[in-house]
Amino acid sequence: MAGRVFFSVTMSLDGFMAPEPVPPEDAFSPDKQDDPRVRRWMSKWAELQAWAFPQRWFRENLKLGEGGEEGLDNDIARATYERTGASVMGKRMFDAGEPAWPEEAPFHTPVFVLTHTRRDPWERPGGTTFHFVNDGIESALDQAREAAADRDVRIAGGAETIQEYLDNGQIDEFSITLAPVLLGTGIRLFDRVDPDRLALEQTRTDASSRVTHLTYTVGKR
């Protein structure tokens with residue numbers, strides 16, 4: 001269990017990692033797409049993630065078709081996927097993704113979902129199995145570490161789940177892809193994090209024509 005624990009998110013210039021929340025069952029529901037709140041959410045989310053959609057690796061992984069851009073952004077997206085041996089996510093993120101992910105979910109590794117709901121593991125084609133963890137974030141991380149072996153564990157989100165692991169001192173490093181977008185409102189990445197407990201060191205900066213990728217290691221003050 002030699003891997004590192006990390007997260008990697010896209011963030012707007014004004015500090016938001018997602019638009020203002022809508023109920024996860026509404027965000028990707030075909031019956032809710034005419035709801036003005038849902039249309040606004042989808043528009044803002046697509047604007048924030050616009051750098052990723054053209055990338056060759058992204059298109060291949062989500063079965064969006066052949067072709068796509070290659071270069072720095074594509075290399076970073078692929079490297080993030082390749083280093084990940086298991087993921088941890090919150091129930092809200094899972095609820096939003098369950099109706100939206102293709103049958104072959106895009107993780108291709110074990111995913112541990114933090115929830116109070118008891119549910120048997122959900123195995124999908126292509127190597128993704130969702131495991132539902134009812135006994136807290138430390139248990140989920142321990143199970144993810146074991147599943148990942150010598151690869152890394154990604155805290156996939158959402159923001160509250162990332163914040164919990166940051167505050168517990170369980171994140172080794174993280175990357176922020178800074179997009180040239182202003183959301184105005186939404187979900188902030190660091191809202192509930194205690195700044196007196198964390199010391200950050202910037203270890204890498206990579207800029208493309210679309211976004212800037214910032215990487216930090218996390219220590220304790």
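**Burial, sheet and helix**

Guide: In this predicted model, 45% of the 221 residues of the chain count as buried.

Visitor: What radius of gyration does the chain have?

Guide: A compact globule of 221 residues would have a radius of gyration near 17 Å, so the value for the chain can be set against that figure. The C-alpha atoms fill a box of roughly 40 × 40 × 35 Å along the principal axes. The chain agrees with the globule rule, as its radius of gyration is 17 Å.

Visitor: In what order do the nine strands of the open sheet lie?

Guide: The chain has seven helices and eleven strands. Strand 5 (122–123) and strand 10 (198–207) are the edge strands, each pairing on one side only. The pairing in the sheet is mixed, and the order is 5-6-4-3-7-1-8-11-10.

Visitor: How many of the nine residues of helix 7 are buried?

Guide: Helix 7 (residues 159–167) lies across several strands, including strand 1 (5–12) and strand 7 (152–157), and runs at about 130° to strand 7. Among its buried residues are Ala159, Ile162, Tyr165 and Leu166. Helix 7 is mostly covered, and the number of its residues that are buried is seven.

Visitor: Which residue just after helix 7 takes a positive phi?

Guide: Asp167, in helix 7, is buried. Just after helix 7, a positive phi of about 70° is taken by Gly169.

Definitions and conventions: Residues numbered from 1 in each chain as written. Predicted model: local features only at pLDDT ≥ 70, side-chain atom pairs only at ≥ 80, totals over all residues. Heavy atoms only, no water. Pairing = 2+ DSSP bridges. Helix = DSSP H or I, 4+ residues; strand = E, 2+ residues; numbered from the N terminus. Contact = heavy atoms within 4.5 Å. Axes fitted to C-alpha atoms, helices over the stretch in contact; angles between N-to-C directions. Buried < 20%, exposed > 50% of the residue type's maximum accessible area, 1.4 Å probe, protein only. Rg over C-alpha atoms; globule rule 2.2 N^0.38 Å.
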